[in-house]
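Keep the viewer open while you read.

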Amino acid sequence: MKPISLALVGVGGYGRAHLQTIASLGAEVRLVAVVDPGFSEPPEFLSEWPGTRWYPTWEALMASDAERPDAVAVAAPIPHHAAYAQAALEAGLPLYLEKPPVPLLTQLDALLATEAKAPPGAWVQVGFQFTFTEQMRALGEAIRSGALGEIRHYRLLACSRREASYYQRSGWAGKLHWRGEPVLDGPATNAVAHGVSDLFTLEAFRCGGPVLPEEITGEVYRAAPIESYDVASLTGRFPGGATFSFATAHAVDADLAPRLEVVGSLGKAEVHGPHRTLYLSVPPGEVAAPEPNMLASYRHFLRAIRTGTRPALGLAEVRPYVAVTNALFVSSGGIHTIPEEYHSQRNHVQHIEGFEQVATEAFRNGVNFSQAGAPWGRSGEPFAFKPGFEATLAAYFAERVF
């Protein structure tokens, strides 16, 4: 089997995880180039990758007389995702795009328009890794087959602590925008984006394709002294009647490991634990991860290239996620600062007192923080996904963020 030649854009930060995964793929893939303007000269680690060339810019890669890659992976910072994705599609290359795909729905729709005009082999797979795991495959089958009955609720709880140093690691961390580009950095739109995206992937399993909700109500807060947010909750309803919710935050003293729950009329499925094991009540059973999530995601990407098929999770499939996380800000009425009386510095984290109890209550009952007893909570206004909602979202971010 001939290895697929790959160019990796962005090798600092999370790009290192991509390098490790690429190394794990062995002969399936060959890293021929890395692009990263953050280095003024070839990074030292390239000595471990014989034959891999470094380029300071995408333009330099495209202008090179050296071997053209078969595909591209982008692990660059969020503000650069849209530009690199646009360039890869225009170059006619399949692209693995790290999550979140792009911050704004306007950017995603622009990429969809470019992808529609690109050659058949040029498409985007979004790196929401859990979609490609054995656990998600089994859960999707349980939903599609009706084993769980009529789906009534999807719920997610995921809180990952972030110390003050997290917001100092780069210029865009904790920002709404950076150097004129949107970022919307925060748990639901970055660190916990995998889990939030799963809610829409599960409903897509049930319906046979991506589905926008009828309506959502969201709440967005900040506890740390940042421009963006670090606490969020949301509830919503799909056209088929199933409700969904998520509760997430960085302002916690200890992580609350991701917990995903699907409740049907005949049974329940839960995904939790350090390796995100799937527990099914009907039929009873457990499904654990046979390999790391990113490795499963990359294998799917390479398989799609070899078979000439489109990936299971492309730009169209993540549109509900981007639309909903944009609408989250509108529904909340912006970002509300949690009064100082409710939080304090603990172990280098801006911790909200009693938050774990509030978050657990919100998860258990599928409600927002204001309904779960948070004394600092402020209820949002419902946002309906009616025809023309895209213009409402675009106007909101144009006027209030930029």
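At 33% relative accessibility, Arg 206 is partly exposed (buried means under 20% relative accessible area, exposed over 50%, partly exposed in between, with a 1.4 Å probe and protein chains only). The model is predicted, so local features need pLDDT of at least 70 and side-chain atom pairs count only at pLDDT 80 or more, while totals for chains, interfaces and linings use all residues. Residues are numbered from 1 along each chain as its sequence is written, and side-chain values use heavy atoms, leaving out hydrogens and water.

Arg 206 pairs with Glu 203 in a salt bridge (a side-chain nitrogen of Lys or Arg within 4 Å of a carboxyl oxygen of Asp or Glu). Glu 203, in contrast, is buried, at 1%. Both residues belong to helix α6 (residues 193–207), 3 residues apart; helices are DSSP runs of H or I with at least four residues, numbered from the N terminus.

The whole structure holds 18 salt bridges, including these:

| Pair | N to O distance |
|---|---|
| Glu 203 and Arg 206 | 2.7 Å |
| Glu 291 and Arg 299 | 3.1 Å |
| Arg 346 and Glu 353 | 3.1 Å |

Shared partners link Glu 28, Glu 291 and Arg 299 into one salt-bridge network.

Terms used. Helices (H or I, at least four residues) and strands (E, at least two) are DSSP runs, numbered from the N terminus.
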